[in-house]
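Open the model in your viewer and keep the sequence panel beside it.

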Amino acid sequence: MHIADILSRDTTTMSFEFFPPKTDSGWESLYRSIAEFAPLEPSFVSVTYGAGGSTRDNTHALVVRLRRETRLEPVPHLTCFGHTRDEISRILELYAGNGVSNVLALRGDPPAGARILALGDFQHAGDLVAFIKREGERLGVNGGRGFGIGVAGFPEGHPETPNTLRQLDHLKAKCDAGADYIVTQLFFDNHAFHDWRARCELAGIRAPIIAGIMPVTSATGLKRMADLAAGTRFPASLLKAIARCRGDAEAIESAGIHWATEQCRDLLDSDVAGIHFYTLNKSDATKRIYKALGVRMAPR
Ligand code: FAD
């Protein structure tokens with residue numbers, strides 16, 4: 001189903017992100033998690049794409065398998081960094097041929113330590129959006145409407161564009177190129193999200209904005225998030241809650257899930273278009289948040 005139809009069907013979309021594992025045991029555990037996620041009836045699930053190349057085929061395999069074997073609506077991430085137009089075309093043909101309706105269009109980042117030489121045929125995610133739009137129409141996806149297209153947004157800024165007004169211009173350009181929705185980078189400070197959403201509105205960005213939430217479930221996980229999502233602010237109140245746990249792993253998990261639950265409650269109260277959970281392929285935290293919020297089934 002085209003993402004625009006999903007967004008108008010669901011008052012608030014609830015969605016989950018998976019990544020393709022690298023080991024056999026990782027795959028087994030992912031399929032167990034998927035079986036646990038399915039009864040929550042997410043609006044869609046997304047599958048990340050390794051910009052470095054190693055897990056790309058696994059992304060395609062997982063997306064096609066989800067499409068064929070489950071009732072979940074899979075949305076593949078697709079990064080254009082280092083890709084040629086022909087390569088992207090072949091991937092889109094594979095998805096079109098397997099009934100995939102939507103794609104999250106991203107630039108991706110060069111692998112750590114790589115020299116920025118092999119940019120490929122695309123400079124920015126906006127170029128990929130325009131290309132996916134044309135290709136989706138050519139391939140007759142969604143009855144000729146083309147692919148539903150998502151793009152990334154950064155409530156706390158993207159490190160490569162310190163000028164935050166210009167950043168919104170770039171986001172608007174992605175929407176004008178054909179993006180149907182925006183999914184945000186993870187954040188812990190809802191004030192930052194609300195303020196950014198208001199600035200998007202002022203900048204003329206009308207695409208629905210889906211908030212990205214990642215519950216902290218361990219002290220090491222929190223450190224990893226700080227590395228992966230550069231620039232994300234960790235509010236003192238969250239850090240104090242973690243510190244009070246004095247290293248007790250179970251207590252840290254509860255404190256992190258409590259924080260994410262409160263974030264989601266506030267987002268639901270303020271009529272956010274959707275909440276996207278960065279699940280790390282584990283269902284426990286999301287299930288606990290659902291239960292606490294009383295949204296076991298996606299609100300439709
Ligand atoms: P762009 O929109 O191209 O932006 C990148 C930078 O270029 C920004 O600073 C922007 O302001 C600037 N810019 C944009 N357009 C222009 C222009 N026309 N002129 C000048 N500057 C411009 N990475 C992966 O490798 N795999 C994934 O599966 C993945 N999934 C993600 C999912 C989400 C929801 C998010 C938020 C990020 C994800 N990423 C993923 C990371 C993402 O690829 C990086 O954060 C990347 O640095 C930015 O991608 P983008 O699509 O926003 O790029």
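Which element supplies the largest share of the shell around the ligand? Select α6, residues 164-176: with three residues, α6 makes the largest contribution to that shell. Keep in mind that this is a predicted model.

**Stop 1: the shell**

Now select the whole shell, which holds 24 residues. Y49, D109, H158, T161 and K174 come nearest to the ligand. Colour the shell by residue class: nine residues are nonpolar, 11 are polar and four are charged.

**Stop 2: backbone atoms at the ligand**

- Y49: a backbone N or O atom is 2.6 Å from a nitrogen atom of the ligand.
- R107: a polar backbone atom lies 2.9 Å from an oxygen atom of the ligand.
- A125: a backbone N or O atom is 2.8 Å from an oxygen atom of the ligand.

The ligand taken alone exposes 980 Å², of which the protein buries 81%.

**Stop 3: D10**

Go to the loop between α1 (3-9) and β1 (13-18), where D10 sits. Is D10 buried or exposed? Its relative accessibility is 2%, so D10 counts as buried. Show side chains here: D10 and R9 are joined by a side-chain polar contact of 2.6 Å.

**Stop 4: S270**

Select the loop between α10 (249-269) and β8 (274-278) to find S270. S270 has a relative accessible area of 23% and is therefore partly exposed, the buried class being under 20%. Leaving out residues up to four places away in sequence, S270 touches H194 and R197. Draw a C-alpha to C-alpha distance from S270 to M14: the two are 15 Å apart in space and 256 residues apart in sequence.

**Stop 5: the nonpolar cores**

Select I132, I182 and F277, which touch the most other members of the largest nonpolar core, a set of 59 residues. Centre on F277. Beyond its neighbours within four places in sequence, F277 is in contact with M14, S15, F16, E17, I213, C264, T286, I289 and Y290. Another core lies apart from the largest one; this other core has 26 residues, including F188, I210, V216 and F234. Select those four to end the tour there.

Technical notes: Residues numbered from 1 in each chain as written. Predicted model: local features only at pLDDT ≥ 70, side-chain atom pairs only at ≥ 80, totals over all residues. Heavy atoms only, no water. Near = heavy atom within 4 Å. Polar contact = N/O pair within 3.5 Å; in protein donor to acceptor, adjacent residues only side chain to side chain. Areas by Shrake-Rupley, 256 points an atom, 1.4 Å probe, with all protein chains shown as cover. Helix = DSSP H or I, 4+ residues; strand = E, 2+ residues; numbered from the N terminus. Nonpolar A, V, L, I, M, F, W, Y, C, P; charged D, E, K, R; others polar. Buried < 20%, exposed > 50% of the residue type's maximum accessible area, 1.4 Å probe, protein only. Contact = heavy atoms within 4.5 Å. Core = buried A, V, L, I, M, F, W, Y, C linked by side-chain atoms within 4.5 Å.
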